[in-house]
Amino acid sequence: MTTGTIKKLVSERGFGFISAADGKEYFFHRNDLGTSADFDRLIGGEPVEFEPEVGPKGPQATQVRLR
């Protein structure tokens, strides 16, 4: 698991970005959230943990959950 914070949410399109402790920025989609996180209730700056992966366009976060 990697830790980070919610950097930006694009609510109308169902995705966002996480600034990770490793200095990278990770894309995530609302379908990548774990059971402890509700996309519609996330806010910028909220601490999260996630599994990092390489997506089709770069770093992607999966199994995103609140810390």
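A polar contact is a pair of N or O atoms within 3.5 Å, of which, within protein, one must be able to donate a hydrogen and the other to accept it. In this predicted model, the side chains of Tyr-26 and Asp-22 form such a contact at 2.8 Å.

Tyr-26 lies in strand E3. Its relative accessibility is 4%, and Tyr-26 is therefore classed as buried, the limit for that class being under 20%. Beyond its neighbours within four places in sequence, Tyr-26 is in contact with Gly-16, Phe-17, Ile-18, Ala-20, Phe-50, Pro-52, Pro-59, Gln-60 and Ala-61. From Tyr-26 to Pro-47 the separation is 21 residues in sequence and 14 Å in space, taken C-alpha to C-alpha.

The discussion now turns to the nonpolar core. The largest one comprises 13 residues, and the members touching the most other members are Ile-18, Phe-28, Leu-33, Leu-42, Phe-50, Ala-61 and Val-64. At least two residues of this core come from each of strands E2 (15-20), E3 (25-29), E4 (47-55) and E5. In soluble globular proteins, nonpolar side chains tend to be buried together. With residues up to four places away in sequence left out, Phe-28 touches Ile-6, Leu-9, Phe-15, Gly-16, Phe-17, Ile-18, Leu-33, Phe-39, Leu-42, Ala-61 and Val-64.

Strand E5 spans residues 58-66 and includes Thr-62. Because its relative accessibility is 11%, Thr-62 counts as buried. Its side chain makes a polar contact of 3.4 Å with that of Glu-53.

How values were computed: Residues are numbered from 1 along each chain as its sequence is written. This is a predicted model: local features need pLDDT of at least 70, side-chain atom pairs count only at pLDDT 80 or more; totals for chains, interfaces and linings use all residues. Side-chain values use heavy atoms; hydrogens and water are left out. Helices (H or I, at least four residues) and strands (E, at least two) are DSSP runs, numbered from the N terminus. Buried means under 20% relative accessible area, exposed over 50%, partly exposed in between (1.4 Å probe, protein chains only). A nonpolar core is a set of buried Ala, Val, Leu, Ile, Met, Phe, Trp, Tyr and Cys residues joined through side-chain atoms within 4.5 Å. Contact means heavy atoms within 4.5 Å.
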